[in-house]
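Thanks for passing this one along. Here are my notes, in the order I would go through them with you.

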Amino acid sequence: VPAFASLLTGRWPSYHGAERRRVKDELVVQPIAAEATTLAEILRQHGFHTAAFLPGRDDLTPALGFERGFADWVNDAALASPAAMSDAIAQWLDRQSGPVFLLVGLDRLRDEAVQEPGGSVVRRPRSELTDILARGGEIPWEDRGRISAEYDAGLPEVDRAIGDVLALLQASGRYADALVVVTSD
């Protein structure tokens, strides 16, 4: 939450307010401060069509101010599939004329592949890692190799998803004038 809010506001957590704090063994999450303007708000005021596409992030919610400035806020677990993400973005781009600001969340590196009984493979959040880091703890040594290998295994899929988004920008004639930023929280 604090890192993503910093990406959207260009401010440190102590200035944008969206922080996580422990209060009596409970994790309390504060929203982005009302006076902390987001990039989407600025661009929308200057005539940009704004949209965010996220794959079901339960931590980036409208209640915490993350949708501010986005005319379209799509946060759906179905978008965890790169094909579904590409389809959603393509449909949105087809409906837009003029400049756009598009935020695309690719959280595949936060997930792990888990084999279900019967052989099917599903993707689930690495909740153990999220829980460890949210508590301010360190990753146990015995788990570091496995978690690192899972992360590395997800890189090609993220690369393909980024390539899909770039191809959509090219197909819509927007790539030549695009500013593309790839970053991580």
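**Notes on the fold**

1. Strand β1 (residues 20-23) and strand β2 (residues 26-29) run antiparallel and are joined by four bridges; strands pair if DSSP finds at least two bridges between them. R20 stands opposite V29 in β2. Two residues lie between the strands of this hairpin, and K24 takes a positive phi near 50 degrees there.

2. A word on the basis of all this. This is a predicted model, in which local features need pLDDT of at least 70 and side-chain atom pairs count only at pLDDT 80 or more, while totals for chains, interfaces and linings use all residues. Residues are numbered from 1 along each chain as its sequence is written, and side-chain values use heavy atoms, with hydrogens and water left out.

3. On the overall layout, the protein chain has six helices and seven strands, in the order α-α-β-β-α-β-β-α-β-β-β-α-α along the sequence. Helices (H or I, at least four residues) and strands (E, at least two) are DSSP runs, numbered from the N terminus.

4. Strand β3 (residues 49-54) deserves a look. Five of its six residues are buried, so β3 is largely enclosed by the rest of the structure; buried means under 20% relative accessible area, with a 1.4 Å probe and protein chains only. Five bridges link β3 in parallel to strand β5 (residues 100-104), where L103 is the bridge partner of A52. Strand β4 (residues 72-75) also runs parallel to β3, through four bridges, and D72 in β4 partners A51.

5. Does the length of helix α6 (residues 141-171) agree or disagree with its residue count? Its 31 residues should span 45 Å at 1.5 Å a residue, and the end C-alpha atoms are 46 Å apart, which agrees. The expected span is 1.5 Å times one less than the number of residues.

6. Please also check L155, where α6 has a kink of about 30 degrees, shortly before the proline P156. The bend is the angle between axes fitted to the seven residues ending at a residue and the seven starting there. Buried residues of α6 include G154, E157, V158 and A161. Just after α6, G173 takes a positive phi of about 75 degrees.

7. Finally, some totals. Of the 185 residues of the protein chain, 33% count as buried. Among contacts (heavy atoms within 4.5 Å) between residues at least 6 apart in sequence, 52% join residues at least 24 apart.

Conventions:
Buried < 20%, exposed > 50% of the residue type's maximum accessible area, 1.4 Å probe, protein only.
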